[in-house]
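The sequence and structure are shown first.

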Amino acid sequence: MDPMDSQMSLIDETQEVIKFLEDAGKNGILSENAMHCRLSACNNLFGVLREGETNAEYVLKNLGLMVGRFKKKNGNVNKNTLKVYKSRVKSSVEDFIQWSRDPIGWEHAMMNKVTAPKPETVAPVRSKGKSKRPAVVEPQEMPLSDTTKKNVRHLSLPIRSEFEIQMSIPADGLTADELIKLQLFLYPFCKDASGDSAPEWPALSTSRH
């Protein structure tokens, strides 16, 4: 073995990664929570390394092996935890390598990171069972954005559990003639408008009161 390689194999870079994370937390580069989460993952996976394996390059190339060893020793750990550990160790070692090459550049890069806000998710509405008659749902008025013109009102009408109709109407409402126009416009799209099973439709009166 080359003397230089032998000397490098004696360097425990995993301990340097631990110290690096602690310093990053103390200096505010990593949040306290992020630091502790990373330390926990690293301490757990680094614990399965053997002599000669405690260098950054080996860790990055053998994360899957390390996860397998850890799982074998800790049979009750779930897959999600292992996945999180693997991701956090990978990020920690990669950050350590970048910091080792350019400490100031790495710190600037970390400070300039912008975390995009996660979009809010709305759980789908599930039907609790088939009903003989569909529930009557009032149209909901959608909030206006700052850029929306004041003379426009946006409406949303849920007609099925998985679908809603959206429309824009004048802010002061519709006239009787305009309402009739809207009825006539939508009537051709009704799939139950004709046939033996067609319901009795109310007359589309054009009279004005």
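A residue is called buried under 20% relative accessible area, exposed over 50%, and partly exposed in between (1.4 Å probe, protein chains only). The model is predicted, so local features need pLDDT of at least 70 and side-chain atom pairs count only at pLDDT 80 or more, whereas totals for chains, interfaces and linings use all residues. Residues are numbered from 1 along each chain as its sequence is written, and side-chain values use heavy atoms, with hydrogens and water left out.

| Residue | Relative accessible area | Class |
|---|---|---|
| Val93 | 1% | buried |
| Arg69 | 13% | buried |
| Ser100 | 41% | partly exposed |

Helices are DSSP runs (H or I, at least four residues), numbered from the N terminus. Val93 lies in helix 6. Not counting residues up to four places away in sequence, Val93 touches Phe46, Ala56, Val59 and Leu60; contact means heavy atoms within 4.5 Å. The C-alpha atoms of Val93 and Phe20 are 9.6 Å apart, although 73 residues separate the two along the chain.

Ser100 also belongs to helix 6. A polar atom of the Ser100 side chain lies 2.8 Å from the backbone oxygen of Phe96. Between the C-alpha atoms of Ser100 and Phe20, 80 residues apart along the chain, the separation is 9.5 Å.

Arg69 is placed in helix 5 (residues 63-73). With residues up to four places away in sequence left out, Arg69 touches Val48, Leu49, Arg50, Glu53 and Tyr58.

Axes are lines fitted to C-alpha atoms, for helices over the stretch in contact, and angles run from 0 to 180 degrees between N-to-C directions. Angles under 35 degrees count as roughly parallel, over 145 as roughly antiparallel, 65 to 115 as roughly perpendicular and the rest as oblique.

The axes of helix 2 (residues 13-26) and helix 6 (residues 79-101) cross at roughly 85° and come within 10 Å. The two helices, helix 2 and helix 6, are therefore roughly perpendicular. On the helix 2 side, Glu13, Glu16, Val17, Phe20 and Leu21 meet Ser92, Asp95, Phe96 and Trp99 of helix 6.

Helix 6 packs against helix 7 (residues 103-111) at an angle of about 130°, with the axes 5 Å apart. Helix 6 and helix 7 are therefore oblique to each other. Asp95, Gln98, Trp99, Ser100 and Arg101 of helix 6 make this contact with Pro103, Trp106 and Met110 of helix 7.

Definitions and conventions. Polar contact = N/O pair within 3.5 Å; in protein donor to acceptor, adjacent residues only side chain to side chain.
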